[in-house]
Amino acid sequence: MNLQQDLEKRSGNQCELCAAKQNLSIYEVKPISTGGFDGSILACETCINQIENPEEVNVNHWRCLNDAMWSEFTPVKVVVWRMLHRLKNEDWPTDLLGMMYMEDTELAYAKESGDHLSESEKIIHRDVNGTILQAGDNVVLIKDLKVKGSSMVAKQGTAVRRISLDHENAKYIEGKVGPTQIVIITDYVKKIADKE
């Protein structure tokens, strides 16, 4: 079976957030390194659009999280937690967050997006052009970088896929160059557009 079929089986052929049965597709929950079954959900077009475009969020649509929050699957719980935090200016999401149970590893995964922070608390990572970087983005090195503690040099033009962010320093990101996980200063990378 492929991933789509696995997720359809897991979800009973419905959106794992709102239970819609139409326009379903795979949504990769950033910043998972592999996607796949443990890093993806089956979601409808409406949910995916509102997750990716916070300005289009319809608060009443997300009352469905009352049921979805009890999912046994980590990626579903992560998205529910993130959406409840985005909506916490309302009363009911705060109540649901108070009832929700997550393992420490699930909570750490959920916090990777920064949705639980207010705008003033968020550390914004920007590439050399000032473009905002998010966990899971792909970047390219704009100059040769010597990797500390090794003889390796990461060459200009090297793509670094699925970066993770340092939540304490806006200048640091992490990513793999070949088999090696390295810390990179954001001044030396340029974000790769999704379509590239």
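Tutor: Happy to! A salt bridge here is a side-chain nitrogen of Lys or Arg within 4 Å of a carboxyl oxygen of Asp or Glu. By this rule the count comes to 7 salt bridges. This is a predicted model, where local features need pLDDT of at least 70, side-chain atom pairs count only at pLDDT 80 or more, and totals for chains, interfaces and linings use all residues. Residues are numbered from 1 along each chain as its sequence is written, and side-chain values use heavy atoms, with hydrogens and water left out.

Let's start with Arg 10 and Glu 16, whose closest N and O atoms are 2.8 Å apart. For exposure, buried means under 20% relative accessible area, exposed over 50% and partly exposed in between (1.4 Å probe, protein chains only). Glu 16 is buried at 12% relative accessibility, and Arg 10 is buried at 14%.

Next, Lys 171 pairs with Asp 187, with 2.8 Å between the closest N and O atoms. Lys 171 lies in the loop between strand 9 (164-165) and strand 10 (172-177), and Asp 187 in the loop between strand 11 (180-185) and strand 12 (189-191), so the pair ties together parts that are 16 residues apart in sequence. Strands (E, at least two residues) are DSSP runs, numbered from the N terminus. Lys 171 is partly exposed at 40%, as is Asp 187 at 34%.

Finally, salt bridges link Lys 30, Asp 137 and Lys 191 in a network.

How values were computed:
Helices (H or I, at least four residues) and strands (E, at least two) are DSSP runs, numbered from the N terminus.
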